[in-house]
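This briefing concerns the structure shown below.

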Amino acid sequence: MNMVFSQEKKDRLNRLKRMEGKDNSDILSNFNDYISSGGADAAIYLLAAIVESSDDAILSKDLSGVITSWNSSAEKLYGYKRNEIIGRKVRVLYPPEKQAEFVEILKIIKGGGRVEHFDTVRMRKDGTRVEVSVSVSPILGPNGRMIGASSIARDITERKELDKRKDEFISVASHELKTPVTTIKAFNQVISSYLKDKNDPILRSYFEKMSDNVDRLVGLLNDLLDVSKIQSGKLELKMEKFDLDKLVKEIAFDLTNLDNSHKIIIKEGSGKKITADRYRVGQVLINLISNAIKYSPRSDKVYVSVRDLKDGVRVGVRDYGIGISLKDQKRIFERFFQVDNKIRESFSGLGLGLYISNEIVRRHGGEIGVKSTKGVGSTFSFILPFKSFK
Amino acid sequence: MKKILVCDDDPGILEVTKIILENNGYEVVALETGKAIQKRVKKEKPDMILLDLWMPGIEGKEITYLLKRDPNTKNIPLIIVSAVNELDKIVSATSADGFLPKPFDMGDLLGIVEKYTKS
């Protein structure tokens, strides 16, 4: 940077240099003071120093996509020296299979938008690919008009490798956990079928309890797997057209067979077919109805309603149970969230069901919500648009 | 009596599958490894094969490939029984005839065996 500084500015600059090594909050608070005290040159120097020392590859380009600045991390990441890349089109960093991305990003930036933390692939000088997370923002000139764009790229090779290892670990762990469960479950069923012909109702009830608990264990394992899929963005939906009323009836029937403490009453019906992931929507229904039963130990009825809306369908599950405070209602769809300790002690579970349900509904382009009064009961409802999308 | 060949490296699962199938009138050939499976299939001529996926030595996917490309064994119904995640996706990339996820219900196991040995 070729700049001529007055003595006063040089002093300010030296003070700034002495600040090196302090944390960013110090630098930033002082930085604002410098701007207000007219230290524009020093401020420019400081900004340039920050950009230069960043671990992220930072570059700027003009509106025609010509690179106008390039920091040290960009040199390291892409392999181009500053003097050989400035003046060239930013497109050289896009591998042939990602050229369409360039047009898309340019369109967003020219429209005044920005691209944030977008995981993609870029090409180094030697032609090798590097996985990066890119943020692109417009740069505005003094008159407020856009004069170019800045691009910040972070090498995510290590993160991706870690994600891959995590996925592999989860995959092996879940396989290893399910294998002994398979043997326990199957032997249990063999013993239960032997006991069918014997007059030993007590022993039979013990095995039924064992069987229920093995199923619960499998359910928990599947929930943990789902959470891991959601977190890594790998929860895929298999869309199909199906009759929602029929699914509600089937699930109500199955749940009543499992636990006849509550009568599940179905009110109304849609009569229309929806396009969604039948298995996943069923999972949401099972979760909401099971919760309604679980959290209303002093009641014996749960109401399920299916109602047509203009663009979709609303499913409601109403119970007359313990209810949820307004404070907890706001957090109930968060991962691992469970209402207070007293309730946690009385009701088992990992606190994942509503988080998973929320994600499933959200991935369908729908919404889930709750209305509840403590001590009176709760109504959970979700809306699925007729034209669900991923 | 229909003959079912079961191949699984987990002795517990192998034993309980054998018990369930034998109790329901099937003859069972149980293999703890897939190493010599091709020879055994040719010798035993089972009516159906239940095959695990992750096994040391040779994997279920490779066994499926070998059995399904051999004219002597390709028409034997082959079902993959596994605890791996997204089994449907994995199996759809093989030429297996179907799949049964672990842990399975006894009813599901008997249902699938009956379905593929009926003809």
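**Overview of the predicted model**

Chain A comprises 13 helices and twelve strands, where helices (H or I, at least four residues) and strands (E, at least two) are DSSP runs numbered from the N terminus. This is a predicted model, in which local features need pLDDT of at least 70 and side-chain atom pairs count only at pLDDT 80 or more, whereas totals for chains, interfaces and linings use all residues. Residues are numbered from 1 along each chain as its sequence is written, chains are lettered from A and ligands numbered from 1 in the order in which they are written, and side-chain values use heavy atoms, with hydrogens and water left out.

**Burial and contacts in chain A**

- Of the 390 residues in chain A, 41% are buried; buried means under 20% relative accessible area, exposed over 50%, and partly exposed in between (1.4 Å probe, protein chains only).
- Among the contacts in chain A with a separation of 6 or more, 58% are between residues 24 or more positions apart, a contact being heavy atoms within 4.5 Å.
- Met239(A) is placed in the loop between α8 and β6 (240-243) of chain A, and it counts as partly exposed because its relative accessibility is 30%.
- Between Met239(A) and Ile274(A) there are 35 residues of sequence separation, and their C-alpha to C-alpha distance is 9.6 Å.

**Lys61(A), a buried charge**

- Strand β1 (residues 57-62) of chain A contains Lys61(A).
- Lys61(A) is buried but has no salt bridge, a salt bridge being a side-chain nitrogen of Lys or Arg within 4 Å of a carboxyl oxygen of Asp or Glu.
- The nearest side chain of opposite charge to Lys61(A) is that of Asp62(A), 9.4 Å away; Lys and Arg count as positive and Asp and Glu as negative, while His and the chain ends are not counted.
- Leaving aside residues up to four places away in sequence, the residues that Lys61(A) touches include Val66(A), Val90(A), Tyr94(A), Val136(A) and Ile147(A).

- Strand β11 (residues 367-373) of chain A has a covered face made up of Ile368(A), Val370(A) and Ser372(A).
- The uncovered face of β11(A) holds Glu367(A), Gly369(A), Lys371(A) and Thr373(A).
- In a regular strand, side chains alternate between the two faces of the sheet.
- β11(A) runs antiparallel to strand β12 (residues 377-385) of chain A and is joined to it by seven bridges; two strands pair if DSSP finds at least two bridges between them.
- Opposite Glu367(A) stands Ile383(A) in β12(A).
- Three residues lie between the strands of this hairpin, in which Gly375(A) takes a positive phi near 85°.

**Interface of chain A and chain B**

- Chain A contributes 23 residues to the contact and chain B contributes 21 residues.
- The two chains bury about 1,800 Å² between them, with 63% of it on carbon and sulfur atoms; buried area is the accessible area (1.4 Å probe) that two parts lose on being put together, summed over both.
- Three salt bridges are counted between chain A and chain B.
- One of the salt bridges pairs the side chains of Lys89(B) and Glu236(A) at 3.2 Å, N to O.
- On the side of chain A that touches chain B, α7 (157-196) and α8 (201-231) each supply at least two residues.
- α7(A) provides the largest share of that side, 17 residues.

**Salt bridges within the chains**

- Over all chains, the whole structure has 28 salt bridges.
- Glu84(A) and Lys125(A) meet through their side chains in a salt bridge of 3.0 Å, N to O.
- This pair links distant parts of the chain, 41 residues apart: Glu84(A) is in helix α5 (residues 82-85) and Lys125(A) in the loop between β3 (115-123) and β4 (129-140) of chain A.
- Glu84(A) counts as partly exposed at 28% relative accessibility, and Lys125(A) also counts as partly exposed, at 46%.
- In chain B, a salt bridge joins the side chains of Asp8(B) and Lys102(B) at 2.7 Å, N to O.
- Asp8(B) lies in the loop between β1 (3-7) and α1 (11-23), and Lys102(B) in the loop between β5 (98-101) and α5 (106-117) of chain B, 94 residues apart.
- Both Asp8(B) and Lys102(B) are buried.
- The closest N and O atoms in the salt bridge of Lys18(B) with Glu22(B) are 2.9 Å apart.
- Helix α1 of chain B holds both Lys18(B) and Glu22(B), which are four residues apart, about one turn of the helix.
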